[in-house]
Amino acid sequence: MLWDILNIIGIPAFAISGAIVALEEKYDLFGLYVLGFVTAFGGGVIRNVLIGIPVTDLWKQGNLMLAALIAMSIVALFPYVWGNRWRKWILFFDAVGLSSFAIQGALFAHKIGHPLYVVIVATVLTGIGGGVIRDLLAGRKPAILREEIYAIWCIMIGVCVGSGWIASEIGLYTLLVTIVILRMLSVHYHWNLSIYRKYPSV
Amino acid sequence: MLWDILNIIGIPAFAISGAIVALEEKYDLFGLYVLGFVTAFGGGVIRNVLIGIPVTDLWKQGNLMLAALIAMSIVALFPYVWGNRWRKWILFFDAVGLSSFAIQGALFAHKIGHPLYVVIVATVLTGIGGGVIRDLLAGRKPAILREEIYAIWCIMIGVCVGSGWIASEIGLYTLLVTIVILRMLSVHYHWNLSIYRKYPSV
Amino acid sequence: MLWDILNIIGIPAFAISGAIVALEEKYDLFGLYVLGFVTAFGGGVIRNVLIGIPVTDLWKQGNLMLAALIAMSIVALFPYVWGNRWRKWILFFDAVGLSSFAIQGALFAHKIGHPLYVVIVATVLTGIGGGVIRDLLAGRKPAILREEIYAIWCIMIGVCVGSGWIASEIGLYTLLVTIVILRMLSVHYHWNLSIYRKYPSV
């Protein structure tokens, strides 16, 4: 139930973020749908491959695919309204999606009995997969590797879940809300980890 | 038998298209073979992962690998003849490969009993995989997401196969020939879905 | 024992090479760790997928992950010392990692009874995976496809192992040392396969 709700918010949000990146790159209608779809489900495919869940479970998510397709169609039909006004909402949904995927990855890795630092790695990899693939397909350097301070919140999820400190459903909900708020604050106040800006170019 | 014939045409064609892209990017001899190989077999690997076929089936395709290696070696030995004169033949073989992969993906997804829109998604993803990986490895934005009207024909394959409307071998052959012809026509007449060209750049 | 030693040298070396590329691209602290981790383990994941080993074996490599994390942390703490003085050491460790992965891939493919050219393909694909993913995530064209003469040594590994000519542990060690030396020499003397530099640009 928990993940159903998270997914029904997160998946369309990821799909919309992919569709908007396709618009920005002037991709065609096909590219819009592919990029949205890959962003929404690519992270899940990578997570399933990495933690040993059958990838074909993807195809059981018919309802989520429908939700993603509807969300992308709205972007396709009204491409010019996705300006600054909507951007904060996108960031919000994106944060929900990222956090939900990260928590899922952390839970899976923790359940199999991995030590803490392995859980943290699994948390990060499963959280950022979709966005990284989206940026690669758009011909961009992955934004999350350059300028977004998502790392700290991902690691926080990994620590809280991987140490067994947070395990109850209400605790995970609280963690999710906290991470989403911290993520929104870090975007708003431009918190970042870009400590290597002065590194000499090659 | 059907897929054997399709593969023996499609795989070397994909390999040649990858090898030519490597030439255009001034990659070295190694890059030529890697790009050709990845284009020819990358789509199949993605398809197998996504629809649950063992990826190691790849290594049973010794004959196809030999065919791909021979095709790439011809490009490597005679790099300067692959100009405009040959381009149409490449497009033709590429269309055969793409259509064959898309039909295979559609058949697999349909057999497992997925609803129509899932079949369509599987059709598209399995059809375009190799070409997208090729373009990423060449440092290009995937052409198929930007300017090629392959989408409509992919979706048409998904609809025809996923609805159960076309199931006989003769029907699938006819579908393949039709899609290849439509694909060639759409390249010749520059049909496209680029409806977002005026979207503001970021 | 053999592979334990190779991995404990190769994995941190790959991690360091990824972390340095992240520095050069001015990625943030998060990007540094992600790129290092992906370079170190991405090749192994691709190899496991391609030759049918459970990908989740990745998570049993806790010690190697710790080694990679320590190596990356050293780069993160002292980012400005990784100039030309260290570059040769990086190349050396990178060569050890690449050769070790290539030999592993060749052994696996040979054991399953594949013909020689399939072993060669498996050797190459498993050897270069991590570096190619690293370059893609850094927004670069994969260096190994353009200017590095790693191909010949990879193929040599494939031939020696795939033909059954080298099978003993001492033989494999000798092969590894030989390939590492040849690799260092080819970098030092700028041997390359770039025979298509005059190909017309598109």
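Tutor: Start with Arg140(B), which is partly exposed at a relative accessible area of 23%. On that scale, under 20% is buried, over 50% is exposed and anything in between is partly exposed, using a 1.4 Å probe and protein chains only. Keep in mind that this is a predicted model, where local features need pLDDT of at least 70 and side-chain atom pairs count only at pLDDT 80 or more, while totals for chains, interfaces and linings use all residues. Residues are numbered from 1 along each chain as its sequence is written, chains are lettered from A and ligands numbered from 1 in the order written, and side-chain values use heavy atoms, with hydrogens and water left out.

What does Arg140(B) pair with? Its side chain meets that of Glu25(B) in a salt bridge, 2.6 Å from N to O. Glu25(B) sits in the loop between α1 and α2 of chain B and Arg140(B) in the loop between α5 and α6 of chain B, so the pair ties together parts that are 115 residues apart in sequence. A salt bridge here is a side-chain nitrogen of Lys or Arg within 4 Å of a carboxyl oxygen of Asp or Glu. Helices are DSSP runs of H or I with at least four residues, strands are E runs of at least two, and both are numbered from the N terminus.

The rule gives twelve salt bridges over all chains. One of them is 2.3 Å from N to O and joins Glu25(A) to Lys141(B). This pair links two chains, because Glu25(A) is in the loop between α1 (2–24) and α2 of chain A, whereas Lys141(B) is in the loop between α5 (116–137) and α6 (151–162) of chain B. Glu25(A) is buried, with a relative accessible area of 15%, and Lys141(B) is partly exposed at 28%.

Now for chain C. Glu25(C) counts as buried at 14% relative accessibility, while Lys141(A) is partly exposed at 28%. What joins these two? They form a salt bridge, with the closest N and O atoms 2.3 Å apart, and the rule finds one salt bridge across the interface of chain A and chain C. Polar contacts there also come to one residue pair, with both residues at pLDDT 80 or more. (A polar contact is a pair of N or O atoms within 3.5 Å; within protein, one must be able to donate a hydrogen and the other to accept it, and residues adjacent in sequence count only if both atoms are side-chain atoms.)

Which helices of chain A face chain C? At least two residues each come from α2 (29–51), α5 (116–137) and α6 (143–146) of chain A. The largest share of that side is nine residues from α5(A). By type, the side of chain A touching chain C has 22 nonpolar, four polar and six charged residues; Ala, Val, Leu, Ile, Met, Phe, Trp, Tyr, Cys and Pro count as nonpolar, Asp, Glu, Lys and Arg as charged, and the others, Gly among them, as polar.

As for extent, the contact takes 32 residues from chain A and 33 from chain C, contact meaning heavy atoms within 4.5 Å. The two chains bury about 2900 Å² between them, 72% of it on carbon and sulfur atoms. That is the accessible area (1.4 Å probe) the two parts lose on being put together, summed over both.

Back in the loop between α1 and α2 of chain C, you'll also find Lys26(C). Its phi is near 60°, a positive value in a residue other than glycine, and Lys26(C) is partly exposed at 29% relative accessibility. Asp28(C) lies between α1 (2–24) and α2 (29–51) of chain C and counts as buried at 0%. The Asp28(C) side chain reaches the backbone nitrogen of Phe30(C) at 3.0 Å.
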